[in-house]
Amino acid sequence: MKFGECLENVHSKMPLIHNITNYVTVNDVANVLLACGGSPIMADESEEVEDITSICGGLNINIGTLNRHTIPAMFKAGKKANELGHPVLLDPVGAGASSLRTDTAKQLLEDIHFSVIRGNISEIKTLAAGSGSTRGVDADVADAVTEENLTEAIDFVKNFAKATGSIIAVTGAIDLVSDGEHCYVIRNGKAQMGKITGTGCQLSGLMTAYITANPKHMLEAAAAAVCVMGVAGEIGYAHLQSYEGNATYRNRIIDAIANMDAETLEREANYELY
Amino acid sequence: MKFGECLENVHSKMPLIHNITNYVTVNDVANVLLACGGSPIMADESEEVEDITSICGGLNINIGTLNRHTIPAMFKAGKKANELGHPVLLDPVGAGASSLRTDTAKQLLEDIHFSVIRGNISEIKTLAAGSGSTRGVDADVADAVTEENLTEAIDFVKNFAKATGSIIAVTGAIDLVSDGEHCYVIRNGKAQMGKITGTGCQLSGLMTAYITANPKHMLEAAAAAVCVMGVAGEIGYAHLQSYEGNATYRNRIIDAIANMDAETLEREANYELY
Amino acid sequence: MKFGECLENVHSKMPLIHNITNYVTVNDVANVLLACGGSPIMADESEEVEDITSICGGLNINIGTLNRHTIPAMFKAGKKANELGHPVLLDPVGAGASSLRTDTAKQLLEDIHFSVIRGNISEIKTLAAGSGSTRGVDADVADAVTEENLTEAIDFVKNFAKATGSIIAVTGAIDLVSDGEHCYVIRNGKAQMGKITGTGCQLSGLMTAYITANPKHMLEAAAAAVCVMGVAGEIGYAHLQSYEGNATYRNRIIDAIANMDAETLEREANYELY
């Protein structure tokens with residue numbers, strides 16, 4: 001399935017996405033979901049998450065500001081979404097930065113089947129090996145996916161996808177999206193996106209809408225979502241004035257997502273399939 | 001009282017508003033309150049809400065990301081505000097989407113007198129009938145107020161206002177604001193405002209400032225607030241470039257609220273009184 | 001040490017800052033930290049704050065939306081940071097507005113050594129005297145630092161710095177930053193910054209990065225941070241169109257922080273040393 005079709009399915013189906021996410025970037029996640037053609041609901045109280053998940057099409061779990069009251073809500077919502085056959089995405093923000101985050105992410109992986117796990121390379125390595133060197137929520141530079149280590153990185157991502165039965169999306173300067181058999185290698189986006197808080201969280205929200213609207217083509221949908229974010233980062237950057245910086249850029253990227261059409265996405269998506 | 005006078009009273013009195021609101025749109029609510037001439041305080045810890053409400057002029061309760069710890073704070077603050085004779089507004093975000101939200105909203109209506117209840121038609125129907133078909137936080141399309149069902153909608157809103165003793169503000173493509181006797185029918189705003197998260201929450205914050213600064217003319221003040229938001233939506237849209245979308249539009253609307261004066265409001269407000 | 005050197009140290013060291021802050025302005029604080037050259041982590045769950053503080057260089061505690069679950073996290077993180085010799089900043093948002101805020105801020109002062117305490121004059125007076133007249137989170141106008149009461153205000157700030165062993169930063173139309181011996185009097189910024197929610201919180205985040213990157217010159221670093229924010233407020237204002245207001249201005253200020261260099265800071269910083 002073409003990436004443009006994935007986009008058009010989001011526009012036509014307007015998937016309603018349940019987000020249990022952090023309070024740092026939650027507003028941006030909601031606006032990105034609206035921009036891409038989806039619809040957001042945020043709810044993290046245990047007493048209501050099963051109700052909310054039931055009326056939604058997909059679930060996005062993000063551990064960015066984990067607390068003891070929302071952890072049980074993540075498990076309840078995830079199990080309910082699994083029962084209902086809804087796509088579920090995990091964004092293990094900061095896995096490796098604290099025992100609580102690492103342990104919670106690992107327990108989530110044991111109890112819930114995730115359609116997609118999306119993070120930076122340090123977070124994904126932490127989940128894979130228990131030996132990650134995550135320092136904070138930004139990727140450990142020593143662990144970046146580069147042209148030099150690309151083959152090893154692809155193997156790692158494919159193997160972790162096979163082991164978990166989830167699509168694995170590792171994002172950074174080079175993005176990798178694999179279902180264990182195939183791996184998209186994507187080179188869209190701008191380095192300056194790293195100076196905006198929450199572009200990863202935004203992508204996770206967007207990606208949940210894409211896999212929810214394209215349930216039989218989740219690999220392509222997840223890769224398409226990465227390209228949408230990256231292309232929007234390129235378009236948004238092109239409109240920046242010299243006196244503008246990361247705050248205006250944040251808005252320009254969301255604006256570009258709102259204006260993205262299938263033709264632009266197909267033309268600007270820059271990827272190879274391994 | 002003219003809408004322009006309502007606006008000028010907000011500018012001159014700078015009402016301090018206590019907000020117990022959701023973490024998705026809270027920053028926008030604070031910036032809208034500052035933009036319109038008011039001043040915001042956000043506080044949702046039970047131990048301090050009575051202190052905070054006591055130093056404020058009005059209270060805005062929004063159940064958008066309800067949790068078991070802030071629910072008691074809503075009741076305590078609401079009762080205190082009632083004791084002090086402060087205007088209190090309820091925004092029943094997502095009532096109908098979960099039992100927790102529906103039940104909490106209904107219990108709030110029983111225990112606290114609200115000056116104004118503001119929501120979309122699905123949320124208000126849920127409160128009125130226990131039979132709402134709310135799906136998430138966006139209005140059920142089948143339940144929209146349209147030119148075709150306008151007479152019935154006005155009757156419904158007037159009746160619910162009489163039953164509750166509150167001003168009811170139903171917002172959507174056509175907005176209705178009634179105290180049970182009269183009903184403003186307002187046709188300002190742009191459809192694209194629905195692609196921005198939290199324009200409803202923002203309006204609730206703004207409206208609380210308007211009713212607080214105009215305590216003897218709350219119906220006009222509530223209707224004026226709806227017009228301020230709608231006119232700002234029109235002005236903000238006029239400044240958008242072709243490459244801009246919902247993120248920039250969000251800012252333009254708040255900017256337009258900051259620049260709104262009585263003359264512009266009077267000239268651009270588009271309403272009828274039934 | 002020159003203010004420009006302080007800035008360049010932030011750029012080169014990219015300090016990782018742990019923030020326990022309010023949910024109103026948290027996104028802006030994260031984006032300001034990225035803009036200035038630092039890196040943010042937000043974490044407020046007691047179970048993980050010691051882990052998070054340990055991988056960071058500095059800690060920023062802000063009591064803007066205090067709740068009973070994050071209060072213990074503030075004490076744990078603060079003690080851990082003290083043990084590790086990390087700079088710790090306190091932003092006592094709304095101290096004086098409720099007993100909970102006042103009491104918590106005072107207890108934090110007793111149990112934790114703060115490198116810097118930054119607030120408006122009402123909040124700082126509340127901490128100093130127990131007799132503040134804070135009304136909400138905005139400074140009490142009667143208590144503003146003005147040209148008329150400047151000498152008394154400098155004495156007050158110097159004395160409170162001596163009493164606490166902390167650098168005291170009082171921000172408003174005129175900003176004062178003192179270590180008890182010397183006092184910077186800074187006249188940068190624009191009055192319109194007061195119409196944006198969270199410029200104080202943003203400054204606290206930025207200042208924590210500055211003191212963390214300049215641990216042997218904290219007084220200059222704290223004063224430099226105040227000048228960065230003020231100069232950015234002036235630059236951001238210069239780019240505003242007549243139809244723009246506080247929402248766009250918020251972004252322009254963060255943009256200007258992202259583009260700030262040592263030369264601009266040195267040229268535009270407007271201060272005297274007493």
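**Figure 1. The contact between chain C and chain A in the predicted model.** In this predicted model, 33 residues of chain C are in contact with 32 residues of chain A. Putting the two chains together buries about 2,700 Å², and carbon and sulfur atoms give 47% of that area. Between chain C and chain A there are 18 residue pairs in polar contact, with both residues at pLDDT 80 or more. On the side of chain C that touches chain A, the elements giving two or more residues are α2 (26–36), β2 (39–42), α3 (46–55) and α10 (246–259) of chain C. The residues on that side of chain C comprise 14 nonpolar, 10 polar and nine charged ones.

**Figure 2. Salt bridges between chain C and chain A.** Three salt bridges are counted between these two chains. In one of them, the side chain of Arg101(A) meets that of Glu48(C), with a nitrogen-to-oxygen distance of 2.8 Å. Over all chains, the count comes to 36 salt bridges.

**Figure 3. The contact between chain A and chain B.** Here 33 residues of chain A and 32 residues of chain B take part in the contact. The buried area is about 2,700 Å², with 47% of it given by carbon and sulfur atoms. Three salt bridges are found across the interface of chain A and chain B. One salt bridge joins Arg252(A) to Glu244(B), whose closest N and O atoms are 2.8 Å apart. Across the interface of chain A and chain B there are also 18 residue pairs in polar contact, both residues being at pLDDT 80 or more. The side of chain A that touches chain B receives two or more residues from each of α2 (26–36), β2 (39–42), α3 (46–55) and α10 (246–259) of chain A. By class, that side of chain A has 14 nonpolar, 10 polar and nine charged residues.

Figure 4. Do the copies meet through the same surfaces or through different surfaces? Only 15% of the interface residues of chain C are also interface residues in chain A, so the copies meet through different surfaces.

Figure 5. Chain A has an average pLDDT of 95, and 95% of its residues score at least 70. The view shows residues 131–136 of chain A, over which pLDDT stays under 50. For these residues, the model has 19 contacts beyond four places in sequence. Where pLDDT is low, predicted coordinates should not be read in detail. For the complex, the predictor gives an ipTM of 0.94 and a pTM of 0.95.

Methods
Residues are numbered from 1 along each chain as its sequence is written. Chains are lettered from A and ligands numbered from 1 in the order in which they are written. Side-chain values use heavy atoms; hydrogens and water are left out. Contact means heavy atoms within 4.5 Å. Buried area is the accessible area (1.4 Å probe) that two parts lose on being put together, summed over both. A salt bridge is a side-chain nitrogen of Lys or Arg within 4 Å of a carboxyl oxygen of Asp or Glu. A polar contact is a pair of N or O atoms within 3.5 Å; within protein, one must be able to donate a hydrogen and the other to accept it, and residues adjacent in sequence count only if both atoms are side-chain atoms. Helices (H or I, at least four residues) and strands (E, at least two) are DSSP runs, numbered from the N terminus. Ala, Val, Leu, Ile, Met, Phe, Trp, Tyr, Cys and Pro count as nonpolar, Asp, Glu, Lys and Arg as charged, and the others, Gly among them, as polar. pLDDT is the predictor's confidence in each residue, from 0 to 100.
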